[in-house]
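Trainee: I have the model open. Can we go through it with questions and answers?

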Amino acid sequence: MRIAILLVLIAISATTETHLTAIKQLREKTRITPFSDYFYGMLELHQSSKLGEVVTIVQSMLDKLIAASGANEAEHSAQQANYEQQISKLENTLETTESELSSVNQQINDLTSDLSSLTQSLSFQGQQLLLLSNQITQLSDNHQEEVRAAEEKLNNNSRYLTAVQEVLRFLSDTLLGNTSLIERERAIEAAKQSLGDKHPISIMIQMTSQYDDNTIRRVITKLEGIAQNVQERLDSINTSSNNSEQQYQTLRSQFETTYSNLDKDKQFNQRQATAKDNDLASAKRRQQELQELIETSKELLDQTRIAQDNENTSYTSKRSHISEEISIVQSALDLLSQLPAQ
């Protein structure tokens with residue numbers, strides 16, 4: 001613009017002495033700046049007597065400065081609006097991120113607390129399962145011992161009953177039967193050979209064979225009573241064994257049901273613990289991401305505000321500069337409009 005002024009003013013012829021005096025007076029009243037010094041120097045040096053052309057050139061310069069001022073204002077407004085939009089977005093992002101981080105922190109605290117409770121529950125359930133397992137094993141061992149003892153009683157009493165029945169059969173069939181003495185002796189000898197001389201049945205048969213029939217019948221009656229008692233004892237043992245078996249099965253079923261339910265609860269808690277542990281790991285990763293995002297957003301927000309301040313400073317300086325130039329040109333235009341036409 002200054003080069004254009006110079007070219008125009010050089011092309012214009014000199015002014016009158018009155019014009020130069022007025023310009024000098026205006027120059028003395030204006031703050032000296034590179035632009036004002038340059039501008040008034042050009043007016044003093046021009047050699048034009050066509051005042052209208054000078055006014056037109058100065059007016060054109062003023063119009064361009066005003067347009068530049070408007071463009072500067074528009075550019076400043078647009079940049080400020082852009083900065084405000086960026087700052088608003090960053091502030092919203094920061095607020096949203098901090099809110100989410102607060103929620104994630106609470107989630108981490110809740111998950112940590114839940115995991116602590118589940119860990120304690122799992123430990124307790126593991127101890128209970130071990131205790132139940134030991135109780136089931138002990139119950140089974142005790143039952144097997146009871147079964148062994150009952151079988152031993154059954155075997156002993158069964159053998160005793162068999163022996164008593166064998167004696168009864170021998171006494172009834174052999175000693176009281178219509179057999180000869182020779183046949184009795186043969187039967188006694190056969191029993192000895194079969195059972196042995198010292199076997200209680202052999203000894204009893206040999207002793208009883210010496211009795212008369214009435215005595216043998218009394219012995220038979222007593223032995224029948226003994227056999228009945230043994231049979232009743234066998235029936236009692238069987239009944240007791242059956243009841244014991246039922247009680248064992250019922251109690252074992254209860255233990256196993258309790259164990260199964262507790263094991264299911266433990267497996268459920270284990271799945272819960274695994275899921276919460278995975279959720280905790282994800283939450284901690286998200287926490288790290290949010291913390292980094294917050295740090296980045298704060299840095300960007302600070303940088304944007306600094307850029308906005310720098311733009312404000314630049315705009316203020318440029319506006320001041322343009323305003324000063326407008327003032328100088330406007331003053332010159334006012335002066336030229338007061339000069340008499342030539």
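Mentor: Start with a definition: buried means under 20% relative accessible area, exposed over 50%, and partly exposed in between, with a 1.4 Å probe and protein chains only. This is a predicted model, where local features need pLDDT of at least 70, side-chain atom pairs count only at pLDDT 80 or more, and totals for chains, interfaces and linings use all residues. Residues are numbered from 1 along each chain as its sequence is written, and side-chain values use heavy atoms, with hydrogens and water left out.

Trainee: Is asparagine 242 buried, exposed or partly exposed?

Mentor: Asparagine 242 is found in helix α7. Helices here are DSSP runs (H or I, at least four residues), numbered from the N terminus. The relative accessibility of asparagine 242 is 47%, so this residue counts as partly exposed.

Trainee: How far apart in space are asparagine 242 and valine 147?

Mentor: In sequence, 95 residues separate asparagine 242 and valine 147. From C-alpha to C-alpha, the distance is 9.9 Å.

Trainee: Which element gives the largest share of the lining of the largest pocket?

Mentor: A pocket is an open set of points on a 1 Å grid over the protein atoms alone, where a 1.4 Å probe fits, with protein on both sides within 12 Å along at least five of seven lines; lining residues have an atom within 4 Å of a point. The largest one has a volume of about 220 Å³, a volume being the space filled by probe spheres set on the points, which are joined across faces, edges and corners. The largest share is eight residues, and it comes from α4.

Trainee: How many residues of that lining are charged?

Mentor: Asp, Glu, Lys and Arg count as charged; Ala, Val, Leu, Ile, Met, Phe, Trp, Tyr, Cys and Pro as nonpolar; the others, Gly among them, as polar. The lining has five nonpolar and four polar residues, and the charged ones number four.

Trainee: Which residue forms a salt bridge with arginine 305?

Mentor: Side chains of opposite charge can pair when their charged atoms come close. A salt bridge is a side-chain nitrogen of Lys or Arg within 4 Å of a carboxyl oxygen of Asp or Glu. For arginine 305, the closest N and O atoms are 2.6 Å apart, and the partner is glutamate 91.

Trainee: How many residues apart are arginine 305 and glutamate 91?

Mentor: Arginine 305 is partly exposed at 34%, and glutamate 91 is partly exposed at 35%. The pair links distant parts of the chain, with arginine 305 in helix α7 and glutamate 91 in helix α4. Their separation is 214 residues.

Trainee: Which residues does serine 297 contact, leaving aside neighbours within four places in sequence?

Mentor: Serine 297 lies in helix α7. Its relative accessible area is 5%, so serine 297 is buried. Contact means heavy atoms within 4.5 Å. With neighbours within four places in sequence left aside, serine 297 is in contact with Leu90, Thr93 and Leu94.

Methods
Helices (H or I, at least four residues) and strands (E, at least two) are DSSP runs, numbered from the N terminus.
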